[in-house]
Amino acid sequence: MGIEVKSWELAFVPHALAIAGAVMVLVWCIYFRGGLAWESSNKSLIFNIHPVLMLIGFIILGGEAIMSYKSLPLRKEVKKVVHLVLHAIALILGIIGIYAAFKYHNESSIANLYSLHSWLGIGIIVLYGIQWIYGFVVFFYPGGAAGLRRESLPWHVVVGLFVYILAVANAAIGFLEKLTFLESSGLAKYGAEAYLVNFTAIVTILYGALVIFTVFSMAPQDDDFSYSAI
């Protein structure tokens, strides 16, 4: 199953969206929300770390990890390392991003884990971690038997895409939730910041969709190791 578009050509579009999304979330958190800080009397600066790391670190780097295994015209061993390392960085930054949200809540005397966004977030990061560990053990080191790898690959791909789709959807929920809180506190519903947050969410969704499309696009002709097992 594949889309009749070469993966390396299609990948240019999500790369551009990734840059746009990264710039937009940084403008929002730094220009409109006052900046980023791990320790501050202004606890909102601590929270600002959360959307930045979850979008740039988790969604974008996670998407780049997925696309790298399909669109890069490299040897299987090299692509496997790139795929593994990018996912590891995404997972680490995602964990730090979630911790930043807990830190903000705890220091602001706000309850934790009361929203759908937070419930999904914990579930997604746990599934992401399990998926990474399983992939590392079976496909990288020590590596499973050939039969196990062959049977595991379709499930590894499908579960990975499912978790990633959930992550993108939950990011959109997060933008909506935060914007709703801000608007209930007096932020103009049709102001520049509100538009920026909404467009950032749209760019995030489009990026995620194109990452998925890239998986089903045509791999480089000399590539026998991509997601063909789907």
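This briefing describes a predicted model, moving from its annotated regions to its helix packing and a few local details.

Because the model is predicted, local features need pLDDT of at least 70 and side-chain atom pairs count only at pLDDT 80 or more, while totals for chains, interfaces and linings use all residues. Residues are numbered from 1 along each chain as its sequence is written, and side-chain values use heavy atoms, with hydrogens and water left out. In an unreviewed entry, UniProt lists "domain: Cytochrome b561" at residues 13–216; UniProt positions follow the numbering used here, feature names are shortened, and annotations may be inferred rather than shown by experiment.

**Annotated regions**

- Across residues 13–216 the chain is 82% helix and 0% strand, with the end C-alpha atoms 15 Å apart; helices (H or I, at least four residues) and strands (E, at least two) are DSSP runs numbered from the N terminus.
- The unreviewed UniProt entry also places the feature "transmembrane region" at several spans, including residues 81–102 and 122–141.
- Residues 81–102 are 100% helix and 0% strand, and the end C-alpha atoms of this span are 32 Å apart.
- For residues 122–141 the figures are 95% helix and 0% strand, with end C-alpha atoms 27 Å apart.

**Packing of H2 and H8**

- The axes of helix H2 (residues 12–32) and helix H8 (residues 192–215) come within 9 Å and cross at roughly 155°, where axes are lines fitted to C-alpha atoms, for helices over the stretch in contact, and angles run from 0 to 180 degrees between N-to-C directions.
- H2 and H8 are therefore roughly antiparallel to each other, in a scheme where angles under 35 degrees count as roughly parallel, over 145 as roughly antiparallel, 65 to 115 as roughly perpendicular and the rest as oblique.
- The contact (heavy atoms within 4.5 Å) involves residues of H2, among them Leu17, Met24 and Trp28, and residues of H8, among them Leu196, Val203 and Tyr207.
- By class, the contact of H2 with H8 has 17 nonpolar, three polar and one charged residues, with Ala, Val, Leu, Ile, Met, Phe, Trp, Tyr, Cys and Pro counted as nonpolar, Asp, Glu, Lys and Arg as charged, and the others, Gly among them, as polar.

**Other helix pairs**

- Helix H5 and helix H6 (residues 116–140) pack at an angle of about 155° with their axes 10 Å apart, and the two are therefore roughly antiparallel to each other.
- Among the residues that meet are His87, Leu91 and Phe102 in H5, together with Tyr128, Trp132 and Phe136 in H6; by class, this contact of H5 with H6 has 15 nonpolar, four polar and one charged residues.
- H7 and H8 pack at an angle of about 175°, their axes being 10 Å apart, and these helices are therefore roughly antiparallel to each other.
- The contact of H7 with H8 divides into 17 nonpolar, four polar and two charged residues.

**Salt bridges and local details**

- The count comes to five salt bridges, each being a side-chain nitrogen of Lys or Arg within 4 Å of a carboxyl oxygen of Asp or Glu.
- Glutamate 107 forms a salt bridge with lysine 43, with the closest N and O atoms 2.9 Å apart.
- Glutamate 107 lies in helix H5 (residues 76–107) and lysine 43 in helix H3 (residues 43–47), so the pair ties together parts that are 64 residues apart in sequence.
- Serine 109, in the loop between H5 and H6, has a phi near 55°, which is a positive value in a residue other than glycine.
- Tyrosine 141 and proline 142 are joined by a cis peptide bond with omega about 0°, and proline 142 is found in the loop between H6 and helix H7 (146–184).
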